[in-house]
Amino acid sequence: MEPILNVKNLTMNFGGLKALDTVNIAVEKGQIAALIGPNGAGKTTFFNCITGIYEVSEGRMEITPPGKSTQELKGLKTNVVTERGLARTFQNIRLFEGMTVLENVMIGRHCRLKSGIFSAMLRPSSQKDEEKKAVNDSYKILEKIGLEQYVNEMAVNLPYGAQRRLEIARALATDPFLLLLDEPAAGMNPQETKELDDLIIWLRDNENLSILLIEHDMKLVMSLSDNIHVVDYGKKIAEGTPEEVKSNPDVIKAYLGDESEDA
Amino acid sequence: MVTKKEIKLSFFIGLWFMVLTFPIMVIKVNTITNTVIFRWPNLLWVGIVCFFASLIWNYLLRMKEEKKKADTKDDIPIVHRLLQNEKFKIPFLAALAIFFLLYPFVFSMYHTSILISALIYVMLGLGLNIVVGLAGLLDLGYVAFYAVGAYTYALLNLHFGISFWVVLPISAVFGAIAGTLLGYPVLRLRGDYLAIVTLGFGEIIRIVLENWDDFSNGPRGIGNIPAPSFFGHQFGQHDSVIYIYFIVIGLVLMTIFFVNRLENSRIGRAWIALRDDEIACQAMGIDKFKTKLTAFTLGATWAALGGVVFAAKTSFINPMSFTIWESITILCVVVIGGMGSAIGVIAGALVLILLPEYLRAVAEYRMLVFGALQVIVMVFKPEGLIRSVRKIYKFKKVKE
Amino acid sequence: MRLFKIILGVAVVGILGFLGIKEIIADPVYFLELFLGGLTRGSIYALIALGYTMVYGIIQLINFAHGEIYMIGAMTALIVASVLGLWGWNSAVIVILAFVFAIVYSCAYGFTVEKIAYMPLRTAPRLSALISAIGMSLFLQNYVMLAQTSEYMPFESLIPDFKFWEPFSHIITSVEMTIIVTTVIVMILLGILIKFTKIGKAMRAAAQDKIMASLVGINVNRVISTTFVVGSATAAIGGVLIACHVGQINFYIGFLAGLKAFIAAVLGGIGSIPGAVLGSLVLGISESMFTGYFWSEYEDVFAFSILVIILIFRPSGILGRDETSKV
Ligand SMILES: Nc1ncnc2c1ncn2[C@@H]1O[C@H](COP(=O)(O)OP(=O)(O)OP(=O)(O)O)[C@@H](O)[C@H]1O
Ligand SMILES: [Mg+2]
């Protein structure tokens, strides 16, 4: 079977800097894959490239949504990528501060809804039904993620861990088949990290999702991932199961190299 | 509360401003008669005022910092709390309705006429609020669409004798078209360029109206614009003012009604999301350009409607009514009232337009105060006079 | 789309070139006059545009109040010159003092404006800072209007007609020549300041990355203040020169001049100093040609059209670079 995400020879230049250099990454359906690497390796850049936020310099990025044919992502606008079924969270939390928690999730529903400006003003029954359904769907997502006690709070007033989860809820609302999580555990305490671990597994098993996550918390990565991709200085240096990656000399060098420099 | 250090600092700031404003505040030259007057008292005033202003400024800055740290549960503005209280809501709205219904019969034509102007600003403010307050697009040429509406009525009436009620929808369409035509190329630009380009566009429209004599009658403007008729009946001057008053009230109510609905709709939420974070918004599947364009176009439509009413009310328009100052005034109404907050904008329009009308003594200082208020509001209270409050949804607990 | 742009560009340049050559042959002196007039105008724009571009480069803010700083420079020069004139001072001393006061006061205003209206908004959304800037501009205009007058005030040219320049003065007046020369000198000084001094290097570093700059020990707040002060100084020079050239000023001159200069900065590529100069000269000369050969009443319309066209077809300007903002 085709991998649901298949990125080939992706290269991204910023002026002289090669943030990504002929990177190949494939994610299989139903997998939890991880993308790891030292700071500045180009992980976030990889997400920004496939979601159309950066215009890639070279390479191919194909997706094969379940039950659909293979499509190329290159050149698509960010919102179209999301419509096609890729949803992401941000490393530096980017919630909509002027809105409540529920509304943040409803924004995620936006691309699956239809009503336009006239129906908003005139409110025919179709719009009312759609709106009601959107509200209920969003609430259900909040329940799944465990944020329902905050529904009507302003998003900024949430505790940090809850904000990270809200980002996931918002991404889920777009009905993705592949979820891209950028350091979802950053800044969480061990308890919250544990809950996140359970949540991600639950999402894969019950929501029919595949997940690609960037993470620095190695314990989390090793326990969660089916497959790990390692990048360093924009180059992919290893791929494999947690065991394989752990014992890969290049990976050890990339990480230990960092540490020896620190020392 | 105020430390010694702050007093000392304020003292020096006062001195600094005395020096800073010396040439402009103290010396007054008359280059025609070749005389110079020294207005020494001004120096003292500047010093005193700046000393206290500095004290207050520092105090407010400190409060703002403390508030940020103290993670306060945000207090809902009193107006909203009252409106959420069912017991209070109905009598309050009823009193408001009676006041506005009786107003033109109790007060003179002069007062009614002033209130009409203020209400037109309410309409314009609510329209611009969609663009600036909700969608976060800084439009400094809003008055251009206002001019489109006014001239649509004046010209269609002059050449074809088309009446107010027919022009109203036509002008809305023209406003929408103008908004789309300008928005289409311009909304792709980075946000802050938009401000300059719209400002330029507003000026272009004015300059064209001033110079294209055959079309717009140039600076002389167009007069004798008829007041609206009532099923073919034309009122006398006095009744006509009252009639327009009620038309404006109707339009304002319609605006509030629609804007309120828009704010809590799919599109309205998308506007706010776009204002808060463009990148995240796109990553949630929202088409940035299309969403901006709807806001911009809708704002333009409302401006055009306001323009028609304005033309009908004053019965004479010329390009001088559509200067950049008009755009800035409407922007002030939105910013000071509270960006994104309909109630704030309404209050802002009434206060900012009515106060200078009645306090003639300070009318001169209107723009000065507006400018200062813009800075002060942005620094200390960016949410404006009356903050917007988001809708509360109620759910029955499904899971237990 | 790209091909379309290129074809369009070539066509426009071709037509303009053809018309231009025809006109030049018909009346070369008129053309020269327009050209030099445009150069003068462009020089003034450049002096103002520098402030816009430097401030934008460092804090990504359109400093709407910058035009007002320029107006205050001119106003201060007028006041100082009038007072000293009445006191019967030597005219050479008056010229120097008028310039000095104009520069010092503009710098002080620029500094103060930044501290009041922009510094508290460093971390606020960009829209807030922009609105604050508009408020500041409105305030300063009305402040000068109320404290002085809303009328135009005649401005006696501080720059005399030089004797040695007489042979050429029918093409370009002494004042115009002074403007161009002064601008060149200011540009060279500014170039030296930015390239070789410590503060200039700090400014460039902060423009690249404020956080990194502060990490390596640069006082970013001081750098920003300096940027405002330097920009205000050049604007003040522009203000005094234009007042000498036009012969009258009022509280409103900063608005349009500021806008035009901003357009020039965008045309050249905002954030780029050579870009601001180039953009100013291009705008000044093309405006002068447009008003000379086509319709003078649509001068401002022309400038704004240029802005819109540039922003649509090349938003990074002539010398600006495309940059992907970091997410
Ligand atoms: N828009 C941009 N312009 C210029 N350089 C960029 C841009 N975005 C990223 N970079 C550079 O690309 C490199 C990779 O950055 P990226 O954010 O992808 O790292 P990362 O692997 O996500 O690191 P971290 O673990 O710290 O989040 C860095 O050197 C960064 O400075
Ligand atoms: Mg990252």
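**Chain interfaces and a helix pair**

Q: How many salt bridges does the rule find across the interface of chain C and chain A?
A: Across this interface the rule finds zero salt bridges, each of which would need a side-chain nitrogen of Lys or Arg within 4 Å of a carboxyl oxygen of Asp or Glu. This is a predicted model, in which local features need pLDDT of at least 70, side-chain atom pairs count only at pLDDT 80 or more, and totals for chains, interfaces and linings use all residues. Residues are numbered from 1 along each chain as its sequence is written, chains are lettered from A and ligands numbered from 1 in the order written, and side-chain values use heavy atoms, without hydrogens and water.

Q: Which numbers of residues make the contact of chain C with chain A?
A: Chain C gives four residues and chain A gives seven residues, where contact means heavy atoms within 4.5 Å.

Q: Why are helix 2 of chain C and helix 7 of chain C called oblique to each other?
A: The axes of helix 2 (residues 28-59) and helix 7 (residues 198-208) of chain C come within 6 Å and cross at roughly 55°. Angles under 35 degrees count as roughly parallel, over 145 as roughly antiparallel, 65 to 115 as roughly perpendicular and the rest as oblique. The two helices of chain C are therefore oblique.

Q: Which residues of helix 2 of chain C and helix 7 of chain C meet?
A: M54(C), G57(C) and I58(C) of helix 2 meet M203(C), A206(C) and A207(C) of helix 7.

Q: How many residues of chain B and of chain C are in contact?
A: In this contact are 59 residues of chain B and 58 residues of chain C. The count of salt bridges between chain B and chain C is zero.

Methods
Axes fitted to C-alpha atoms, helices over the stretch in contact; angles between N-to-C directions. Helix = DSSP H or I, 4+ residues; strand = E, 2+ residues; numbered from the N terminus.
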